[in-house]
Amino acid sequence: MVYNTMIKRAQGNQTELVKRSLVSYIYDAKLNPGSRLPPQAELRRRLGVGNATISRAIDELRRDGVLEVRDKVGVFLIDPAADGHMGRTVAVLALRARDSVFIGMLTLFLQLELMRRGCRMNLYCLQTNERKTAGNLADYPDLRRNVESGDIQGVIHFDDLANDLEHFLSEHRLPTLKLGGVNIPRRSGVYFDFGDILRRAMARLWAEGVERPALLESAALERFLADDYRRLLGRFRDAPPSRVYSGYDQNDGRKLAREFAALPRDERPDGIVIVDDIVGGGFSSELALLLPPEELPLAAIMRNPQLNITFAFPRRLYYNIDIEEYAVISVERMMNDLKGIPPAEECQCYEVKEDASELHPDFDYHR
């Protein structure tokens, strides 16, 4: 049983661990206030501990207002979250939490959903300004100690794992889940497929008559998308030159806009695929100051609606990643992993929805 494994792996206070396991069981079984828990003999079997430990854990949860013990009747649930009680703890590893608005927002929604599911979240961040694409064990202070003491039951990560960290988590048999966008998923996780978004966006630009499409992306994704973009240029008339713009933040976006606007008009791209709305927001606001509206390109934008970034392109369509929805789907997958429920797909893709409602607005360029 998953609960039995969690107990045996831990080295801390046995009663406290059994309390957490009982709260996890209550959430997993979706028990409502007033529901009766299984007999203590059944709980002992599920958790693999002795009668005295179970009795102590139940008594402490009773004092905390979680359970009610009725003599010769049974143990009943009052409130699983009373006195701040949570079951499992999930570690979230975020190398770029300091400089990524998307990661910061996603982390918040993950925490809210984990709390709703009776879990607490421990956040581990890179403590320097170093730009890295893969985190090793030393990058996340206290992670080793918390895993070895049994305080962590699952791991969600946004960046690749270095070999030492991947081996460490595998050695402790912790469920791990990778989140984020990739071109070709390589490990268990919940992804949005950048390659698919790019193909759909380029097809839409071609259908709308764009002749010179450009790509604006996060510098962290350059190795994934630039080659695909160049291959897709082949369907456009007269094989236009490749124009790839990449940056990390809004300031980079503004610099790229000045570079874009400086091109001769007959060479300047008339369409652009934007796969980072932070960089894209800076690019859009600066470009609107430099060019008249009729010279702004048609834009296909991957965006996160919760970030409320405004884009100044008169003609635009969106590929929406709803951060809250994505967090809910990801936590559901982690909860199933923690309960030992095998996923239908190791690499689960989040459906990115197209919104073309602002593609053909009634826009007066000369007002």
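**Group meeting: a walk through the predicted chain**

The chain folds into 12 helices and 16 strands. Helices here are DSSP runs of H or I with at least four residues, strands are runs of E with at least two, and both are numbered from the N terminus. A word on the source: this is a predicted model, where local features need pLDDT of at least 70, side-chain atom pairs count only at pLDDT 80 or more, and totals for chains, interfaces and linings use all residues. Residues are numbered from 1 along each chain as its sequence is written, and side-chain values use heavy atoms, with hydrogens and water left out.

Overall numbers next. The chain has 367 residues, and 50% of them count as buried. Buried means under 20% relative accessible area, exposed means over 50%, and partly exposed is in between, with a 1.4 Å probe and protein chains only. The accessible surface is about 17,200 Å². Carbon and sulfur atoms hold 47% of that surface. These areas come from the Shrake-Rupley method with a 1.4 Å probe; for residues, only the protein chains shown count as cover.

Now contacts, meaning heavy atoms within 4.5 Å. Take those between residues at least 6 apart in sequence: 69% of them join residues at least 24 apart.

On to the helices. Two packed helices are described by the angle between their axes and the distance between the axes. The axes are lines fitted to C-alpha atoms, for helices over the stretch in contact, and the angles run from 0 to 180 degrees between N-to-C directions.

Start with α2, residues 14–28, against α3. Their axes are 11 Å apart, at an angle of about 105°. That makes α2 roughly perpendicular to α3. The cut-offs: under 35 degrees is roughly parallel, over 145 roughly antiparallel, 65 to 115 roughly perpendicular, and the rest oblique. Which residues of α2 and α3 make the contact? From α2, they are Val18, Ser21, Leu22 and Tyr25; from α3, they are Leu43, Arg46 and Leu47. By class, the contact of α2 with α3 has 5 nonpolar residues, 1 polar and 1 charged. Nonpolar covers Ala, Val, Leu, Ile, Met, Phe, Trp, Tyr, Cys and Pro; charged covers Asp, Glu, Lys and Arg; the others, Gly among them, are polar.

Next pair: α3, residues 40–47, and α4, residues 51–63. The axes come within 10 Å and cross at roughly 105°. So α3 is roughly perpendicular to α4. On the α3 side, the contact uses Gln40, Leu43, Arg44 and Leu47. On the α4 side, it uses Asn51, Ile54, Ser55 and Ile58. That contact of α3 with α4 divides into 4 nonpolar, 3 polar and 1 charged.

Is Arg316 buried or exposed? Arg316 counts as buried, because its relative accessibility is 17%. What does its side chain reach? A polar atom of the Arg316 side chain lies 2.3 Å from the backbone oxygen of Phe313. The side chains of Arg316 and Tyr318 are joined by a polar contact of 2.9 Å. A polar contact is a pair of N or O atoms within 3.5 Å; within protein, one must be able to donate a hydrogen and the other to accept it, and residues adjacent in sequence count only if both atoms are side-chain atoms. Beyond neighbours within four places in sequence, Arg316 is in contact with Ala299, Ile301, Phe311, Glu358 and Leu359.

Ser218 lies in strand β10, residues 213–218, and is buried at 9% relative accessibility. Leaving aside neighbours within four places in sequence, Ser218 is in contact with Ser246, Gly247 and Asp276. Gly181 is in strand β8, buried at 15%. Its C-alpha is 9.1 Å from that of Phe158, 23 residues apart in sequence. Leu338 belongs to helix α12, residues 323–338, and is buried at 5%.

Last, backbone geometry. Most residues other than glycine have a negative phi. Arg173 has a positive phi of about 55° and is not a glycine. It lies in the loop between α7 (163–171) and β8 (176–182), and is exposed at 71% relative accessible area. Asn308 also has a positive phi, near 55°. It is found in the loop between β13 (298–303) and β14, and counts as exposed at 66%.
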